[in-house]
Structure formats: structure tokens, C-alpha cells
Amino acid sequence: MKTPRRLPVSLQTRPFTVSEAAREGVSTRGPHIVVHRMKLYEDEVTLVDGVAVTTVERTWLDMAEMLTVDELVVIGDSCVRRPRVEFEGRDTPLCTLEDLQWMIDRHRGKRGLRKAKDAIQLIRVGSDSPQESLLRLAIARAGLPEPELNDISRSERYEALGWTEVRISKRHMVNDAKPAVAKIRTALIQAGWRPTRS
């Protein structure tokens, strides 16, 4: 059974209507339907349970019109992450970084393109949750070393590899994750890390 993905928090409480992309000459009417005229290539449409929808990478690019850069990074991280086949029934990502970049390159002049270009520079393979993505962004913006993402077995000893383990809870993620970043900075300094001076 598939677990439904949650919308970004900013969209969970925002009222919105169903949007439909209409091709040339197609008339679509109905309550709560907003029709968008857009350039849509045939390979940007796929079928999900018999319903024609835009591909994952095209949907990500379309979301750039309404989301923040951080929200695009969260969604992008989810798109390119390596799934765990035992839990998700698939072993390939929804798309690749190259797929997302191809959408950006293909649709020059599209609304939201600047945000998409900024976001793709920050998307990483290996983030397993929106909170993990947001924490990684906060860490990088604070000038701390960017963390490795789920590339190591939990059973291996962190100290033997020179890693520092820091436990972060939900309460550390308030106020743009500043408490989490402060806790990580303290742990890194105690482990011998020193910030580089620019």
C-alpha cells in the first residue's frame, strides 16, 4: 500500500482549486477549475491509474511558480531520493537531477524559472524527509559543513570514521531550525572543527 505524500506546509492550509493544463483548441469549463495555457510536450505527460498527468519533473518545474526555493528543494530532494524497495515497492527514484535540469533548460522564459535554477543547485540525493532537507539547508546557510546524507550504515561506528552524531528533535526545528544549527555547531566545535575565515 502506497503512503500518500504530504503537500508542503504552505500549501496544506492555502485554499486552491484544481488546475488543468489545456492544449490548443480544447475548451474546459467547470466549477473550481482553473485553465492554464502552456507549452506541454508529449513526453511531459504520463498516465497514473489511467489519468493523464504531467510527469514528476514537469510538475516540479510548474510548482516553481508558487513555491519558495526551500519548498522546491524539499520536493526536489524527494523526487531524486533513492527509495527503499522493502517499504516503497520500487528501487528507482521518481526522476533524476538530470531530468529536473532538462526541464529547466527546455522551458526558457517560464514563470518561476529563476527559483527552479536556484533550487536545483541545492537539491541532493539521499534526503529522506522534508525536515532533513530543511535542516541541511539551515546548516549550509549557517556556514557549517554540509552533512552527508544517508550514505552510511547505521550500524557502523561514527567515531571510527571521524563523524559527529547529534540528536535533533522536532523542538530543535522551530525558528528556521536555529536551535538545531546551534546544537550542531556546538558539537562540531567540541569535536575539533573550526570555521574557515573568508
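This report describes the fold, helix packing, nonpolar cores and selected loop residues of a predicted model.

## Overall architecture

The protein contains 8 helices and 4 strands. Along the sequence these elements follow the pattern α-β-β-β-β-α-α-α-α-α-α-α. Of its 198 residues, 29% count as buried.

Considering contacts between residues at least 6 apart in sequence, 50% join residues at least 24 apart. The protein exposes about 13,900 Å², of which carbon and sulfur atoms supply 54%.

## Packing of helices 2 and 3

Helix 2 (56-63) and helix 3 (69-80) pack with their axes 10 Å apart, at an angle of about 175 degrees. Because angles over 145 degrees count as roughly antiparallel, helix 2 is described as roughly antiparallel to helix 3.

On the helix 2 side, Val56, Trp60 and Met63 take part in this pairing. They meet Leu72, Ile75, Gly76 and Cys79 of helix 3.

## Helices 5 and 6

Helix 5 spans residues 97-106, and its buried residues are Leu100, Met103, Ile104 and Arg106. These residues pack against helix 2, helix 3 and helix 6 (113-120).

In helix 6, Leu113, Ala116, Ala119 and Ile120 are buried. They lie on the same side of helix 6, because they cover an arc of only 120 degrees around the axis. The cover over the buried residues of helix 6 includes helix 2, helix 3 and helix 5.

In soluble globular proteins, nonpolar side chains tend to be buried together. Here the largest nonpolar core has 19 residues, and those touching the most other members are Trp60, Leu61, Leu72, Leu100, Ile104 and Ile123. Helix 2, helix 3, helix 5 and helix 6 are the elements that give two or more residues to this core. A second, separate core consists of 8 residues, including Leu135, Ala138, Ile139 and Ile184.

Setting aside residues up to four places away in sequence, Ile123 touches Trp60, Leu72, Val73, Gly76, Asp77, Val80, Leu97 and Leu100.

## Selected loop residues

Glu44 is situated in the loop between strand 2 (33-37) and strand 3. With a relative accessibility of 0%, Glu44 counts as buried, because the cut-off for that class is under 20%. Apart from neighbours within four places in sequence, Glu44 is in contact with Lys39, Val53, Thr54, Thr55, Arg58, Met103, Arg106 and His107.

Asp49 occupies the loop between strand 3 (45-48) and strand 4 (51-54). Although Asp49 is not a glycine, its phi is positive, at about 50 degrees. Asp49 is exposed, with a relative accessible area of 79%. Gln121, in the loop between helix 6 and helix 7 (130-141), is also exposed, with a relative accessible area of 56%. Gln121 and Gln101 are 20 residues apart in sequence, and their C-alpha atoms are 9.8 Å apart in space.

Note on methods
Residues numbered from 1 in each chain as written. Predicted model: local features only at pLDDT ≥ 70, side-chain atom pairs only at ≥ 80, totals over all residues. Heavy atoms only, no water. Buried < 20%, exposed > 50% of the residue type's maximum accessible area, 1.4 Å probe, protein only. Contact = heavy atoms within 4.5 Å. Areas by Shrake-Rupley, 256 points an atom, 1.4 Å probe, with all protein chains shown as cover. Arc of directions from axis to C-beta. Core = buried A, V, L, I, M, F, W, Y, C linked by side-chain atoms within 4.5 Å. Axes fitted to C-alpha atoms, helices over the stretch in contact; angles between N-to-C directions. Parallel < 35°, antiparallel > 145°, perpendicular 65-115°, else oblique.
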